[in-house]
Amino acid sequence: MISIRCPHCHVGLKVDETKIPPQIQTFGCPQCKEPIPVSLITQKLRTDDSDTVILNLPSDYQPIGRLKVMQNPLTPSQTIHLNEGINHIGRKSNVTNNPTAIETGDKLMSRSHIAIEVKKDAKGKYKYFLSDTKSKNRTLYNSNYIESGEVVALKNKDEIQIGQTRMMFEE
Ligand SMILES: [Zn+2]
């Protein structure tokens, strides 16, 4: 067991280093859900703390991808964490409480602008499928407009623009 501190929310974590799947480079913090690099575990040895939570990673654990929203005059930089299933992404409103909504003053972004479906393939690996949900101002995917009804399989570092707001997909 190794004790570390989440670099994002600073919660104490106890990790069984022998249980970490060799293929992963990051794992999600159980508290703030931000990615913690595995390298942190192998580097930092710390003494125990009273607020430490024990983290058990299942052997088939893999992080789900996220959208890094880039800062612009209308939008603060933020990270949207995707969940398994269909994620509706658009401008946050006071009425709906959508966990994948974007905090922005960008009025060219619809409240439901794009959808990203997250599902496992036959090998159990997460795949990501982007579509435009009939938005008023359309969606740019790597600088090309997504056609109505088109579904795009996302790859790491792909760029999406909705309204005036750009974001990068990270696997
Ligand atoms: Zn954290």
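Biologist: What percentage of the 171 residues in the protein chain is buried?
Modeller: First, this is a predicted model, where local features need pLDDT of at least 70, side-chain atom pairs count only at pLDDT 80 or more, and totals for chains, interfaces and linings use all residues. Residues are numbered from 1 along each chain as its sequence is written. A residue is buried if 20 or more other C-beta atoms, placed from the backbone, lie within 10 Å of its own, exposed if 12 or fewer, and partly exposed in between. Of the 171 residues, the buried share is 20%.

Biologist: What is the mean pLDDT of the protein chain?
Modeller: pLDDT is the predictor's confidence in each residue, from 0 to 100. In this chain, 88% of the residues reach 70 or more. The mean is 87.

Biologist: Which element has the highest mean pLDDT, and which the lowest?
Modeller: Elements are DSSP runs, numbered from the N terminus: helices (H or I) have at least four residues and strands (E) at least two. The chain has one helix and 15 strands. The highest mean, 98, belongs to S14, and the lowest, 65, to strand S5 (residues 53–55).

Biologist: In the open sheet of six strands, what is the strand order?
Modeller: Two strands pair if DSSP finds at least two bridges between them. Pairing in this sheet is antiparallel. The order is S7-S6-S15-S14-S11-S12.

Biologist: Why is one side of S7 and of S12 left without a neighbour in the sheet?
Modeller: Strand S7 (78–81) and strand S12 (144–145) stand at the edges.

Biologist: Which residue in S15 is the bridge partner of leucine 67?
Modeller: S6 pairs with S7 over four antiparallel bridges, and valine 69 has glutamine 78 in S7 as its bridge partner. S6 and S15 are also antiparallel, with four bridges. In S15, the partner of leucine 67 is phenylalanine 169.

Biologist: And in S12, which residue is the bridge partner of leucine 140?
Modeller: Strand S11 (residues 139–141) runs antiparallel to S12, and two bridges join them. The partner of leucine 140 is tyrosine 145.

Biologist: Which residue in S9 stands opposite glycine 85?
Modeller: Look at the open sheet of four strands, ordered S8-S9-S10-S13. Its edge strands are S8 and strand S13 (152–153), each pairing on one side only. S8 and S9 pair antiparallel over five bridges. Opposite glycine 85 is valine 118.

Biologist: How many residues has the largest nonpolar core?
Modeller: A nonpolar core is a set of buried Ala, Val, Leu, Ile, Met, Phe, Trp, Tyr and Cys residues joined through C-beta atoms within 7 Å. Those with the most contacts inside this one include Ile114, Tyr128 and Phe169. Strand S6 (66–69), strand S9 (114–120), S10, strand S14 (159–162) and strand S15 (165–170) each give two or more residues to this core. The largest core has 16 residues.

Biologist: Is asparagine 83 buried or exposed?
Modeller: Asparagine 83 is in the loop between S7 and strand S8 (85–89). Beyond four places in sequence, asparagine 83 is in contact (C-beta atoms, placed from the backbone, within 7 Å) with Ile64 and Val118. Asparagine 83 has 11 C-beta neighbours inside 10 Å, so the label is exposed.

Biologist: How many Å separate the C-alpha atoms of threonine 26 and valine 38?
Modeller: Threonine 26 lies in strand S3. Leaving out residues up to four places away, threonine 26 touches Pro35, Ile36, Pro37, Val38 and Pro63. Threonine 26 and valine 38 are twelve residues apart in sequence, and their C-alpha distance is 5.2 Å.

Biologist: What is the phi of lysine 33 near?
Modeller: Lysine 33 sits in the loop between strand S3 (26–28) and strand S4 (35–37). Lysine 33 is partly exposed, because 14 other C-beta atoms lie within 10 Å. Its phi is positive, in a residue other than glycine, and is near 70°.

Biologist: And what is the phi of arginine 138?
Modeller: Arginine 138 lies in the loop between strand S10 (126–132) and S11. Arginine 138 is not a glycine, yet its phi is positive, at about 65°.

How values were computed: Two residues are in contact if their C-beta atoms, placed from the backbone, lie within 7 Å.
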